[in-house]
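User: I would like to learn how to read the features of a protein model, one feature after another. Please give me the general idea each time and then the case at hand.

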Amino acid sequence: MTHRKKMETNWKRIIFSILVYSTVITLIWVAFKWSDFTGSLRLNNIIFSNTNLDKEIYSGSLDGFLVEKLDQFRLRDISDLLEEHPYVKAARVSYRFPGTLMVEIVEREPIAILNIEPMVMLDEECVVLPDMNNLGYAGLPVLSNFNRDPELYPAGERALSVKVTESISWLSRLKIDYESLYNNLSEMKLTSADEMELTLTEEPTTIYLGEENIWSRIEILREFERKLGNNAKKISDFDYLDMRFDKQIIVRARHS
């Protein structure tokens, strides 16, 4: 009798387990069917954050993913596609249910405008950023008289001009170590003799840096400006500063 009761108890447990398992499976199936019916497992909306450029510039490349089922593509597929855009340095993508994709973009920030046709911008890594009517960057330093061959400046890739690459390297360092000069810089010009000239926004003032030891001369200029500060003067008080000679600076005072 005891053995029979144990058998009945075991069968009840098995039947109960089967019923619970079947109920769970049914609920999951119903949930998926309902989600499919209501569209909650389909991508219906894409939200961008941290963008300076018009969001439509990025969203247009993702139109093909809209109304797709979320299990039919990987998030990495979307971030890879976005990172092909010249202005996108990195992209992070995540889901927000129902049917929404959150896209956070790290944009490349231009630090100079290359004076060629069509105009392009360059970031601190010397990546070429095409003009996309982003006029907020109109106050950037202009690089003039460099090689104008458009093949040297493929959009979304690093510039191939050696002189442009060197200049961007100096500007990137200038922005960190000598920010006041960078912010006051209107033009960085390469002369026919391959010498570098800077033109300040104020007044304007011209600074002749020569062909070699550019950064060493910039450091001398920074020290010179520090000493000027003790006399309540600044480098824009001069018409020009000639740094092309060792251990000396030739200046011409501005006539009022």
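User: How many helices and strands are in the protein?

Analyst: Helices (H or I, at least four residues) and strands (E, at least two) are DSSP runs, numbered from the N terminus. By that reading the protein has six helices and 12 strands. The model is a predicted one, in which local features need pLDDT of at least 70 and side-chain atom pairs count only at pLDDT 80 or more, while totals for chains, interfaces and linings use all residues. Residues are numbered from 1 along each chain as its sequence is written, and side-chain values use heavy atoms, with hydrogens and water left out.

User: What share of the contacts comes from residues 24 or more positions apart?

Analyst: A contact means heavy atoms within 4.5 Å. Among the contacts in the protein with a separation of 6 or more, 51% are accounted for by residues 24 or more positions apart.

User: How should I read the packing of H4 and H6?

Analyst: Two packed helices are described by the angle between their axes and the distance between the axes. The axes are lines fitted to C-alpha atoms, for helices over the stretch in contact, and angles run from 0 to 180 degrees between N-to-C directions. Here the axes of helix H4 (residues 162-177) and helix H6 (residues 214-229) come within 11 Å and cross at roughly 25°. Angles under 35 degrees count as roughly parallel, over 145 as roughly antiparallel, 65 to 115 as roughly perpendicular and the rest as oblique, and H4 and H6 are therefore roughly parallel to each other.

User: Which residues of H4 and H6 meet?

Analyst: From H4, Trp170, Arg173, Leu174 and Asp177 meet Ile214, Trp215, Ile218, Glu219 and Arg222 of H6. The residues of this contact divide into five nonpolar, no polar and four charged, where Ala, Val, Leu, Ile, Met, Phe, Trp, Tyr, Cys and Pro count as nonpolar, Asp, Glu, Lys and Arg as charged, and the others, Gly among them, as polar.

User: Is Leu190 buried or exposed, and what does Leu190 touch?

Analyst: Leu190, which has its place in strand E8 (residues 185-190), counts as buried because its relative accessibility is 7%. Not counting residues up to four places away in sequence, Leu190 touches Ser144, Asn145, Phe146, Lys163, Glu195 and Met196.

User: Where is Ser79 found, and which residues is Ser79 in contact with?

Analyst: Ser79 is found in helix H3 (residues 75-82) and counts as buried, at 4% relative accessibility. Leaving aside its neighbours within four places in sequence, Ser79 is in contact with Ala91 and Val93.

User: Which residues does a cis peptide bond join, and what is phi of Cys126 and of Asp194?

Analyst: Most residues other than glycine have a negative phi, and most peptide bonds are trans. A cis peptide bond joins Glu117 and Pro118, with omega about -5°, and Pro118 has its place in the loop between strand E4 (110-114) and strand E5 (120-123). Another cis peptide bond joins Glu203 and Pro204, with omega about 5°, and Pro204 is in the loop between strand E9 (196-200) and strand E10 (206-210). Cys126, in the loop between E5 and strand E6 (128-130), has a positive phi near 65° and is buried, with a relative accessible area of 4%. Asp194, in the loop between E8 and E9, has a positive phi of about 65° although it is not a glycine, and is partly exposed, with a relative accessible area of 33%.

User: What is Ile116 in contact with?

Analyst: Ile116 lies in the loop between E4 and E5 and is buried, with a relative accessible area of 6%. Leaving aside its neighbours within four places in sequence, Ile116 is in contact with Asn147, Arg148 and Tyr153. For Ile116 and Arg148, 32 residues apart in sequence, the C-alpha to C-alpha separation is 5.7 Å.

How values were computed:
Buried means under 20% relative accessible area, exposed over 50%, partly exposed in between (1.4 Å probe, protein chains only).
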